[in-house]
Amino acid sequence: MSHYLRLYRVISTTFGYRLRPLGAFLLLQLRQAISATTLGLDHVFYPQHRTQPIDRPIFIIGNPRSGTTFLHRLLLGAAPGITAFELWEMLFPAITARKLLGRIVPRLDRISPARYHPSDVHDTSLRGIETDDVAWFFRTLDGPFAWAYFLAWQDVWGSALSRSSFGINRSSDHERQRFFRYYEACWRRNLTYKRGNRILAKTSMLTFRLEELLARYPDCKLVYIIRDPVEVIPSGLSLIASVLENGYDAWNRTDEPDQQRWISNLYDASCAMLGSFHEAQISGLIPEDNLCVVRYSDLLDDLEPTIERILDFTGIEPTAQFRAEVRAQAQRQRGYTSRHHHSPDQFGLDPDRIRADLAYIYDAYDLTKPHQLRGEQR
């Protein structure tokens, strides 16, 4: 309740009093009741999920809009047994709930939060494969989603609230355990329900929790995607702005100081996310056997050898059908030009400032070489 009241106060202050958040809250409360009940029933009807092993989990990480969604959805079809969440399955992660609601919930896109996403920028639906970050927002009304979409309008990056939202504040062992216990319970259920043997998770928020992640899963495989910050930062801002515009008419209902605060906060958060991973890598926190770094430009210009490198790193034995799909996708990319070229100027950001602020990122990942931007891979 406290998280909802905090969100509603910020939404009301920023966009004006609206009935929509109240309706969303009531639906989420109903979801919470159904989820809590069915999660409990899983221990009665599907107790085997508790001992389901999580073997060599694959985590695709990177800043939003860096190509993580594209790779997540592509790799899901690489081999039998790889599992990921559809959006509605994070609303109702219990096996019992999915058995009972599997024919109903995926048809309710007209009341889904996904309806605010512009489909030509980030195509999603209740049946779409989505980032695991959403599950924590549905569970707690907290985390990076809550902060980036709403709280950042009235907060400042570096505050206790922002650090807690992104899992940077690690003073509470209880919070750390709560976070990972919930995700592990969801992943085990998904493996059991889909009879899988490996999870494939796409998440940005684990960028700030790498030490805990590696301690918990020393056999995990991290695929980190890095994209030119001059491209990725305005692209991420544009997606969130589009959702807020569709849902709250945000730009007409806010004044310039609020808009500039929000832009500045998300810029700082994006830079911090890039910097946090870089620091973890150069400090030796991430063993070489656990990490594969992929540049976004490689996904565009050299898809087939890049996917082969990822398959070899993760130990996935792909099907012939998957190799054919990758070949076809590579061919499509050769002749495709995106309609979406997100300029930093759209948000009053200076490309030279971005390059200066993140010069060490450009140097570390060899992002200075120009490439032809053909496709907006999410």
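A: Let's start with residue classes: Ala, Val, Leu, Ile, Met, Phe, Trp, Tyr, Cys and Pro count as nonpolar, Asp, Glu, Lys and Arg as charged, and the others, Gly among them, as polar. This is a predicted model, in which local features need pLDDT of at least 70 and side-chain atom pairs need 80 or more, while totals for chains, interfaces and linings use all residues. Residues are numbered from 1 along each chain as its sequence is written, and side-chain values use heavy atoms, without hydrogens or water.

Q: How many cavities of 30 Å³ or more does the structure hold?
A: A cavity is a set of points on a 1 Å grid over the protein atoms alone where a 1.4 Å probe fits but cannot get out. Points are joined across faces, edges and corners, and the volume is the space filled by probe spheres set on them. Here there are two such cavities.

Q: Which residues line the largest cavity?
A: Lining residues have an atom within 4 Å of a point. For the largest cavity they are Asp 132, Phe 179, Phe 180, Tyr 183, Trp 187, Thr 203, Met 205 and Leu 206. By class, that lining has six nonpolar, one polar and one charged.

Q: And what lines the second largest cavity?
A: Look for Thr 83, Ala 84, Phe 85, Asp 132, Trp 187, Asn 190, Ile 199 and Leu 200. Helix H9 (173-194) and strand S3 (198-202) are the elements giving two or more residues to this lining. Helices (H or I, at least four residues) and strands (E, at least two) are DSSP runs, numbered from the N terminus. The lining of the second largest cavity divides into five nonpolar, two polar and one charged.

Q: At what angle do helix H6 and H9 pack?
A: Axes are lines fitted to C-alpha atoms over the stretch in contact, and angles run from 0 to 180 degrees between N-to-C directions. Helix H6 (residues 133-140) meets H9 at about 110 degrees, with the axes 11 Å apart. So H6 is roughly perpendicular to H9 (65 to 115 degrees). In the contact (heavy atoms within 4.5 Å), H6 brings Asp 133, Ala 135, Trp 136, Arg 139 and Thr 140, and H9 brings Arg 178, Phe 179, Tyr 182 and Tyr 183. Five of these residues are nonpolar, one is polar and three are charged.

Q: Where do the axes of helix H3 and helix H16 come in?
A: Helix H3 (residues 68-75) and helix H16 (residues 320-334) have axes that come within 11 Å and cross at roughly 150 degrees. Phe 70, Leu 74 and Leu 75 of H3 meet Phe 322, Glu 325, Val 326, Gln 329 and Gln 333 of H16. That contact has five nonpolar, two polar and one charged.

Key: 1 Å grid on protein atoms, 1.4 Å probe; cavity = no way out; pocket = protein on both sides within 12 Å on 5 of 7 lines; lining within 4 Å. Parallel < 35°, antiparallel > 145°, perpendicular 65-115°, else oblique.
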